[in-house]
Amino acid sequence: MTPKSAVAPTIEDPAAAHAEAQRRRILDAAQKCFITRGFHAGSIGDIAAEAEISQGLMYRYFANKRALILALIERQLRHDQVSISAMPPASDLVDGLLACYQQWARGEVLPIHGNAIASVALYAEINAEAHRDPVLAGVLRTHDKQTSAAIHAWLRQRDVDQGRIVDEEQIAGRTLLLRLLVEGLAMRAVRDPDLPPERVRALLADAIGRVMG
C-alpha cells in the first residue's frame, strides 16, 4: 500500500536520537541505491557513500544488505499502518491512485518517505529477492498479512460507522481487491504506460466503489 519511521527518541536521549537519525539516513540511502542500481548491484560502499558515512560506521547499524532490506520492509509496514488509518474518501483515493499510475508510468519515484511501492523498481527488487531468500520471504509474508489485517479492520469500521451489516467474508474479499488493485496498477504502469487517463480513472472508480462496498 501506498510514512513514518520509528517513533523518534525524546530530546532527553540525544544519543538515541542521533542513532535513529543515522539509521534513517542509511535506510534512505539504501532505498535510493536499490532503486537506481538494483539490489545486487548496489554495494555497501555505494550505500555508505550515498549516506556520506564510512562503511565501518554503516556496519555498526546494519550487518549486511539483507539486514538493510529487512529494515526497509519493516519501515514499509509502519508506513502502511499510518496510511491505512488515514485513508482518504473514495473519490480522492481514485484520483490518488491515478496520479500514482501516471508517475510510475513515467518512471518516477513517488514523494512518499519510507514507502517501498513508491518505486516500482524497488518493489520488484524486494519481491524477486524474496523468491531467493526464505527468511526474507517469511518476513514479507508476515508484513503482507499485517497490512491486509489493517485494511480489513479499516473497512470493517467503515461499515460499522455507516450502519451496515458486517460481513467478514465480504470484507476479506474487498481487502484482497484493494491489494490486487494497487499492486497490479504498479506493474501495469511499467508494462502499459500509455493508457488513457480517463480510461484508467473510470476503471479505478468502479473498483474502488466495490472496495468501499
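Predicted model: local features only at pLDDT ≥ 70, side-chain atom pairs only at ≥ 80, totals over all residues.
User: How many helices and strands does the chain have?

Analyst: There are nine helices and zero strands, so the pattern along the sequence reads α-α-α-α-α-α-α-α-α.

User: What makes the chain as compact as a globular protein of its length?

Analyst: Happy to set that out! The globule rule is 2.2 Å times the number of residues to the power 0.38, with the radius of gyration taken over C-alpha atoms. For 213 residues the rule gives 17 Å, and the chain's radius of gyration of 19 Å is close to that, so the chain is as compact as a globular protein of that length.

User: Why is Ala-99 called partly exposed?

Analyst: Buried means under 20% relative accessible area, exposed over 50%, and partly exposed in between (1.4 Å probe, protein chains only). Ala-99 has a relative accessible area of 32%, so it counts as partly exposed. Leu-70, placed in helix α4 (residues 65-85), is at 22% and therefore also partly exposed.

User: And Phe-34 and Phe-39, buried or exposed?

Analyst: Phe-34 is buried, at 1% relative accessibility. Phe-39 is at 6%, so it counts as buried too.

User: Why is the pair of Phe-34 and Phe-39 called tilted?

Analyst: Rings of Phe, Tyr and Trp (its six-membered ring) pair if their centres lie within 6.5 Å; planes under 30 degrees apart count as stacked, over 60 as edge-to-face and the rest as tilted. The count by this rule is one aromatic pair. Its rings, Phe-34 and Phe-39, are 4.9 Å apart centre to centre with 55 degrees between the planes, so the pair is tilted.

User: How do you know that Lys-65 lies over the face of Phe-39?

Analyst: A charge sits over a ring if NZ of Lys or CZ of Arg is within 6 Å of the ring centre and within 35 degrees of the ring normal. Lys-65 is 5.3 Å from the ring centre of Phe-39 and lies over its face.

Definitions and conventions: Residues numbered from 1 in each chain as written. Heavy atoms only, no water. Helix = DSSP H or I, 4+ residues; strand = E, 2+ residues; numbered from the N terminus.
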